[in-house]
Amino acid sequence: MVGRKPLIMVRAAILGLLLPAGPDPKRDREIFLMLLTMDPEGLWRRKTKAIPLAELFARLRPDERADWFDPDAPKPKYRPGVTAEEKAHLQRLIFDRMGYDEKLVYCDRPEQIEGPSEAAWEAINAHLGADAHSFPELVRALGERRFGNVPRVGDAFCGGGSVPFEAARIGCDAYGSDLNPVAALLTWGALNIVGGGEAVAKQSGTHRDRSTRPWIGKSPSGASSTTTGAGAPTPISIAPRHVAPSAAGWCRWPRPG
């Protein structure tokens with residue numbers, strides 16, 4: 001795929017490579033969709049926008065409408081006395097009747113929420129024989145089971161950093177390299193500024209009006225980046241807690257925690 005990869009695609013690819021194939025392919029698929037919050041409960045968990053009254057009214061059968069709507073109103077209007085719980089039930093009823101693409105209009109993206117619910121994690125753990133309650137815990141368990149260590153993900157042409165960013169976020173050791181120094185800088189920013197937490201975000205806000213020149217070729221710790229000759233991958237500066245491997249042009253980002 002050319003261009004910036006959606007984070008959910010990166011997450012799906014890594015999890016798909018780590019998940020074992022069981023004797024029940026249908027259940028394997030259900031668990032995979034649970035992890036991506038693309039199952040019915042995951043989609044409901046991602047729903048953040050209310051379905052408009054007109055849409056609710058149109059999707060109800062004629063014999064159902066009187067349970068929620070005023071039959072004498074010129075346009076869809078809740079009948080007097082409808083409770084918040086009843087309105088929430090109606091939202092869920094109509095949401096479940098929608099097709100997958102229709103539901104997405106009212107949902108956040110999978111990477112915008114924390115992940116599966118606790119109930120989903122119980123089902124995931126029961127199927128996989130794991131004891132995880134977050135992506136880093138699951139990725140570690142699956143990686144150690146298959147490879148004997150936490151999975152390592154490398155992207156030789158990391159561009160804007162989607163692959164190493166999402167790989168590190170879900171618990172992998174991530175490596176990235178790119179010939180383009182601008183792409184390398186974007187990846188450094190994604191990992192160290194966007195993914196640096198509240199403290200880094202506050203620091204970045206404090207310095208946002210200053211020149212960006214000191215950030216190019218130099219890390220906040222003062223360690224200068226190096227070049228490896230014409231045409232070689234451009235390494236990028238990394239924070240003191242990060243470890244740079246010996247391969248020229250590669251930079252490593254550790255898993256969270």
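## A loop position and its surroundings

Ala50 lies in the loop between H3 and H4, where helices (H or I, at least four residues) and strands (E, at least two) are DSSP runs numbered from the N terminus. At 57% relative accessibility, Ala50 counts as exposed; the scale calls a residue buried under 20% relative accessible area, exposed over 50%, and partly exposed in between, using a 1.4 Å probe and protein chains only. Once its neighbours within four places in sequence are set aside, Ala50 is in contact with Gln91 and Tyr106, contact meaning heavy atoms within 4.5 Å. Ala50 and Cys107 are 57 residues apart in sequence, while their C-alpha atoms are 9.5 Å apart in space. Cys107 counts as buried because its relative accessibility is 9%.

This is a predicted model, in which local features need pLDDT of at least 70 and side-chain atom pairs count only at pLDDT 80 or more, while totals for chains, interfaces and linings use all residues. Residues are numbered from 1 along each chain as its sequence is written, and side-chain values use heavy atoms, with hydrogens and water left out.

## Helix H6

Helix H6 covers residues 84-97, and its 14 residues should span 20 Å at 1.5 Å a residue, which agrees with the 20 Å between its end C-alpha atoms; the expected span is 1.5 Å times one less than the number of residues. In H6, the residues Leu90, Gln91, Ile94 and Phe95 are buried. They lie on the same side of H6, because the arc they cover around the axis is only 130 degrees, the arc being that of the directions from the helix axis to the C-beta atoms. The buried residues of H6 pack against helix H3 (40-46), helix H4 (53-59) and helix H7 (100-104).

Pro76 lies in the loop between helix H5 (62-65) and H6. With a relative accessible area of 28%, Pro76 is partly exposed. Leaving aside neighbours within four places in sequence, Pro76 is in contact with Leu53, Ala54, Phe57 and Phe69. The C-alpha atoms of Pro76 and Glu55 are separated by 9.3 Å, although these residues are 21 residues apart along the chain.

The buried residues of H2 are Asp28, Ile31, Met34 and Leu35. They cover an arc of only 120 degrees around the axis, which puts them on the same side of H2. The face turned away from this buried side carries the exposed residues Pro25, Lys26 and Arg29, whereas the buried residues of H2 pack against H1, H8 and H9.

Thr37 is found in the loop between H2 and H3, and Thr37 has a positive phi of about 50 degrees although it is not a glycine. Most residues other than glycine have a negative phi. Thr37 counts as buried, because its relative accessibility is 2%.

## Two nonpolar cores

A nonpolar core is a set of buried Ala, Val, Leu, Ile, Met, Phe, Trp, Tyr and Cys residues joined through side-chain atoms within 4.5 Å. The largest such core has 31 residues, of which Ile14, Leu35, Trp121, Ile124, Leu138 and Cys172 touch the most other members. At least two residues of this core come from each of helix H1 (7-18), helix H2 (25-35), helix H8 (118-128), helix H9 (135-146), helix H10 (162-169) and helix H11 (181-194). H1 gives the most to this core, with seven residues.

A second, separate core of 14 residues includes Ile51, Leu56, Val82 and Ile94. In soluble globular proteins, nonpolar side chains tend to be buried together.

## The chain as a whole

The secondary structure of the chain comes to twelve helices and three strands. Of the 257 residues of the chain, 38% count as buried. Among the contacts in the chain with a separation of 6 or more, 58% are accounted for by residues 24 or more positions apart.

The chain exposes about 14,800 Å², of which carbon and sulfur atoms supply 57%; accessible areas come from the Shrake-Rupley method with a 1.4 Å probe, and for residues only the protein chains shown count as cover. The structure holds zero disulfides, a disulfide being a pair of cysteine sulfur atoms within 2.5 Å. Cys158 is buried, with a relative accessible area of 8%.
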